[in-house]
Structure formats: structure tokens, C-alpha cells
Amino acid sequence: MITSSAPGKIFLFGEHAVVYGKTAIACAIDLRAHVTVEEAPTVQMKGPGGSVDLNPRKHPYIYSVVEKFKGFTDVTGVNIDIHSDIPVGSGLGSSAAVTIATIKALDAYYGTNLTLEDIAHMGHQVESEVQGRASPTDTFVSTFGGMVQIPDRKKLGFYDMLIVIGNTGKFSSTRKIVSNVAALKERHPIVIGQIMDTISAISETGIEFIQEGDFHTVGELMNINQGLLDSIGVGSKELSELVYASRKAGALGSKITGAGGGGCMIALCEHKNLSRVAHAIKRAGGDSFICRTSHVGVRIESK
Ligand SMILES: Nc1ncnc2c1ncn2[C@@H]1O[C@H](COP(=O)(O)OP(=O)(O)O)[C@@H](O)[C@H]1O
Ligand SMILES: C[C@@](O)(CCOP(=O)(O)O)CC(=O)O
Ligand SMILES: [Mg+2]
């Protein structure tokens with residue numbers, strides 16, 4: 001029996017723009033997906049009611065991972081059991097964390113000796129196939145941990161930050177939201193293209209202020225980024241309510257993280273305001289919790 005785990009992530013800046021090759025800054029957080037694999041007669045998923053054969057419609061990401069392994073190793077029967085503390089469909093990269101942790105667990109189980117680069121690359125292929133279009137961000141962060149700059153695939157090191165996460169509780173499908181933005185960009189290529197360029201500039205400027213520890217300015221840039229995400233149609237009434245409630249309670253900056261349309265927003269706060277901001281988000285109708293950035297990427301937990 002082998003267990004692996006991989007972290008979820010937040011986008012500090014640059015989601016959606018990164019799909020078009022622009023710059024984004026993302027960071028692993030201390031919420032993780034755990035995947036345990038053990039011998040079984042066929043390739044199965046363990047669920048609440050017991051183990052069932054892997055179903056591509058129910059588990060498209062896991063199915064795609066197994067199909068890739070069939071391309072380079074003898075895939076004998078294996079039971080895959082997933083336990084994740086990452087809210088699903090909430091912009092925290094649950095799909096990537098589950099994908100990367102499954103790749104790592106199967107790599108250890110079948111002895112295929114994949115490098116971290118191989119794992120990140122395979123994970124990106126899986127997300128792209130399942131979502132129709134995906135940047136390497138989520139899978140790169142889940143693989144390497146810490147803070148990263150995409151598309152340059154630069155590891156920026158680790159910056160210990162406490163983030164309040166506000167969850168609207170509204171599911172949003174990354175695939176659908178990403179395709180809506182693509183359609184908007186088709187209709188207004190120059191306008192949306194310039195918005196993506198501006199988001200890219202925010203990411204590139206933001207790195208310097210993160211490295212200097214100037215979180216007031218980082219927060220200001222997050223707020224500008226949020227306005228641009230609203231302009232490409234990935235906001236929602238619920239997300240805006242949580243964003244403005246957090247700012248009123250003293251957040252330095254707050255914005256959507258991930259695909260948007262529902263899911264989560266993040267608020268960067270000074271330590272003294274963390275619980276006040278978390279309560280304000282709850283009062284505005286969201287679920288809120290405090291998470292910490294993490295330098296820990298994908299790893300084997302036990303063999
Ligand atoms: N615990 C889990 N077990 C199995 N699949 C999961 C789990 N968590 C997430 N997933 C997969 O990831 C999908 C959500 O991915 P996505 O829409 O990209 O949202 P997110 O913002 O969480 O990445 C789910 O529909 C499911 O296919
Ligand atoms: C919208 C996007 O930039 C981020 C999606 O993040 P999530 O799957 O909602 O956690 C898409 C991508 O980068 O693949
Ligand atoms: Mg996802």
C-alpha cells in the first residue's frame with residue numbers, strides 16, 4: 001500500500017491570463033489531496049459504497065492518468081483511494097492536486113521513476129485533455145510546492161503568508177468558465193487581449209513587492225486584478241460580496257482565486273486582522289478559513 005499527497009493552490013495573480021501564455025503567480029497552500037493505491041483485480045476507485053471500476057465520466061482526471069500510464073508501463077489491477085481536504089470546484093486546484101498525487105502514487109507503485117518535471121508535465125497534459133484548455137499552473141504548483149511564476153515555470157521560493165479563504169459554496173466548472181472567456185476573447189480580441197496583458201503586468205510587478213515583503217502594495221495589485229477578472233465575466237454577486245466584506249474588515253487585498261464564477265476568493269491580511277476578515281466573510285454569506293502558504297509539493301507519505 002502506497003500513499004502520496006499533493007497541495008492545493010491559490011493564484012495571487014494572473015488566473016485566466018495564464019491560459020493565454022501571460023504571467024501568473026501561484027502558491028501552494030496547506031490543504032492537500034491524499035491518494036492511496038494498493039493491489040486489486042482491476043483498476044478501481046474506492047468510494048463510500050466500496051470499490052467500483054474506474055469510470056471516465058465520474059473520474060475523468062484519474063482515468064486520464066491511468067490511460068497515460070498504460071502508454072509506458074504494464075498497468076496491473078490497482079485500487080485508488082482519494083481523500084482530499086481541498087474543496088472541489090472552488091478555485092483551489094483540487095483537480096490538479098488529485099491528478100498529481102495519483103501520478104506520484106502510481107509512479108511509486110509501478111516503479112516508473114518519473115522525475116518531478118515528468119509528473120508536472122503529465123499532470124498538465126491530463127488537465128488540458130479533461131478541461132479542453134489548461135495552463136500548467138495548477139499542476140506545476142501541486143508538483144513543486146512554494147510560490148511559482150508561470151509560464152516561465154520559475155520557482156520563486158517560499159514566502160510564509162497567512163491567507164483567509166472565502167468559499168461561496170457555489171460550484172464552478174473550470175472547463176466551462178475557461179471556455180466562456182475564450183468565446184469573449186474571440187468576440188473582442190483586442191480589448192480582452194489588452195486586459196490579459198494588463199493582468200500579466202500586475203503579476204510581474206507583484207513579484208517584486210512580494211519579495212520585498214510590501215504586502216500593502218501586493219494587496220493593492222490584487223484588488224486591481226480582481227477588477228479585471230470581473231471585466232472578463234468570471235466574477236459573481238456572491239464573490240463580490242465576500243471580496244468587499246473582506247476589504248471593509250481590513251484586508252490588504254482580496255480577489256477571486258482560480259476559475260471564478262463561484263468557488264473561492266482570497267484575502268491577504270495583516271496578522272491582527274485575520275479573524276476579523278474571516279468573520280466578515282462568514283457574515284457576508286461565505287464559508288471562511290485561514291490557510292498558510294506551503295513549500296511542500298507532491299510527496300510519498302507512506303509505503
Ligand atoms: N477528492 C476528489 N476525488 C476525486 N476527484 C476529485 C476530487 N477532488 C477534485 N476532483 C476532480 O476535480 C474536479 C474539480 O476540478 P476543477 O473543476 O478544476 O475545480 P478546482 O478549482 O477544484 O480545480 C472534480 O469534478 C473531480 O473530477
Ligand atoms: C482559470 C485558470 O487560469 C485557473 C483554474 O484554476 P482552478 O481549476 O479553478 O483551481 C485555468 C488554468 O490556468 O488552467
Ligand atoms: Mg482545477
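Trainee: How many Å separate a backbone N or O atom of Gly-91 from an oxygen atom of ligand 2?

Mentor: A polar contact is a pair of N or O atoms within 3.5 Å; within protein, one must be able to donate a hydrogen and the other to accept it, and residues adjacent in sequence count only if both atoms are side-chain atoms. For Gly-91 the distance from a backbone N or O atom to an oxygen atom of ligand 2 is 3.4 Å. This is a predicted model, in which local features need pLDDT of at least 70, side-chain atom pairs count only at pLDDT 80 or more, and totals for chains, interfaces and linings use all residues. Residues are numbered from 1 along each chain as its sequence is written, chains are lettered from A and ligands numbered from 1 in the order in which they are written, and side-chain values use heavy atoms, without hydrogens and water.

Trainee: Which residues surrounding ligand 2 are the closest?

Mentor: A residue is near a molecule if one of its heavy atoms lies within 4 Å of it. Ligand 2 is surrounded by 16 residues, the closest being Lys-9, His-16, Ser-135, Thr-174 and Ala-259. A polar side-chain atom of Asp-138 is placed 3.2 Å from an oxygen atom of ligand 2.

Trainee: Which residues come nearest to ligand 1?

Mentor: Gly-89, Gly-91, Ser-94, Ser-95 and Thr-174 come nearest, out of 16 residues around ligand 1. An N or O atom in the Ser-94 side chain is 2.5 Å from an oxygen atom of ligand 1, and for a polar side-chain atom of Thr-174 the corresponding value is 2.9 Å.

Trainee: Into which domains is the chain divided?

Mentor: Domain bounds come from an automatic or database domain assignment. Here they give domain 1 (2-157) and domain 2 (162-292). Their C-alpha centres are 23 Å apart.

Trainee: How much area do domain 1 and domain 2 bury between them?

Mentor: Buried area is the accessible area (1.4 Å probe) that two parts lose on being put together, summed over both. The two domains bury about 2,800 Å², with 66% of it on carbon and sulfur atoms. Phe-13, His-16 and Tyr-20 supply 25% of the area that domain 1 buries against domain 2, more than any other three residues.

Trainee: How many salt bridges are counted between domain 1 and domain 2?

Mentor: A salt bridge is a side-chain nitrogen of Lys or Arg within 4 Å of a carboxyl oxygen of Asp or Glu. The count between the domains is 2. Lys-22 and Asp-197 also meet through their side chains in a salt bridge, at 2.8 Å from N to O.
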